[in-house]
Amino acid sequence: MLWRGDSLAGIKESQLDPGRAPQAAAPDRTQTQLKQGAILHQRGRLADAENIYLSVLKDDPHSFDALNLLSIVTAQSGRDAEAAEIAARAIAINPRVAQPHNTRASALRNLGRFDQALVSYDSALAIEPDFLPALSGRA
């Protein structure tokens, strides 16, 4: 798992994909790339982090962690429609993690799609009732 003890945009280690099956192609390389992306992301180097997440997705288009983090980067870059779509792809892979539901909700809210945003916030809170970003977003 990534970020033991750290957080990124409200992501805790427990919110990454706990049920992820081992990746067929170079899991150590993938984890190293995701860690590098997260470091750049934390430092505000969003374009560089995005490029790393996209590189991971070229090798593994179903990487939950890469999709989840990419959705956050695109949201932070103001590309809400893209962020909502990427978060939905992450949710399709693992609907049991609150963060992508919250990212999707925030993006939908920014797009003025309030009813859909509320549904996504509620989905995040059904998974993790004390998830502060969803609680504050829904308020």
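A salt bridge here is a side-chain nitrogen of Lys or Arg within 4 Å of a carboxyl oxygen of Asp or Glu. This is a predicted model, where local features need pLDDT of at least 70 and side-chain atom pairs count only at pLDDT 80 or more, while totals for chains, interfaces and linings use all residues. Residues are numbered from 1 along each chain as its sequence is written, and side-chain values use heavy atoms, with hydrogens and water left out.

**Exercise 1. Find how many salt bridges the structure holds, and work through the one formed by arginine 29.**

Step 1: The count is five salt bridges.
Step 2: The partner of arginine 29 is aspartate 59, and their closest N and O atoms sit 2.7 Å apart.
Step 3: Arginine 29 is in helix H1 (residues 27–42) and aspartate 59 is in helix H2 (residues 46–59), so this pair ties together parts 30 residues apart in sequence. Helices (H or I, at least four residues) are DSSP runs, numbered from the N terminus.

**Exercise 2. Work out how H3 packs against H4, and which residues make the contact.**

Step 1: Take the angle between the N-to-C directions, on a scale from 0 to 180 degrees, using axes fitted to C-alpha atoms over the stretch in contact. For H3 and helix H4 (residues 80–93) the angle is about 160 degrees, and the axes are 8 Å apart.
Step 2: That makes the two helices roughly antiparallel, a label for angles over 145 degrees, whereas those under 35 count as roughly parallel.
Step 3: Now list the contact (heavy atoms within 4.5 Å). H3 brings Phe64, Leu67, Asn68, Leu70, Ser71, Thr74 and Ala75, and H4 brings Asp80, Glu82, Ala83, Ile86, Ala87, Arg89, Ala90 and Ile93.
Step 4: Sorted by class, that's nine nonpolar, three polar and three charged residues. Ala, Val, Leu, Ile, Met, Phe, Trp, Tyr, Cys and Pro count as nonpolar, Asp, Glu, Lys and Arg as charged, and the others, Gly among them, as polar.

**Exercise 3. Do the packing exercise again for H3 and H5.**

Step 1: Helix H3 (residues 64–76) and helix H5 (residues 98–110) pack at about 25 degrees, with axes 10 Å apart.
Step 2: That makes H3 roughly parallel to H5.
Step 3: Phe64, Asn68, Ser71, Ile72 and Ala75 of H3 meet Gln99, Pro100 and Thr103 of H5.
Step 4: The class tally is four nonpolar, four polar and no charged residues.

**Exercise 4. Check the confidence of the chain.**

Step 1: pLDDT is the predictor's confidence in each residue, from 0 to 100. The chain's mean is 86, and 81% of its residues reach 70 or more.
Step 2: Over residues 1–7, pLDDT stays under 50.

Note on methods
Parallel < 35°, antiparallel > 145°, perpendicular 65-115°, else oblique.
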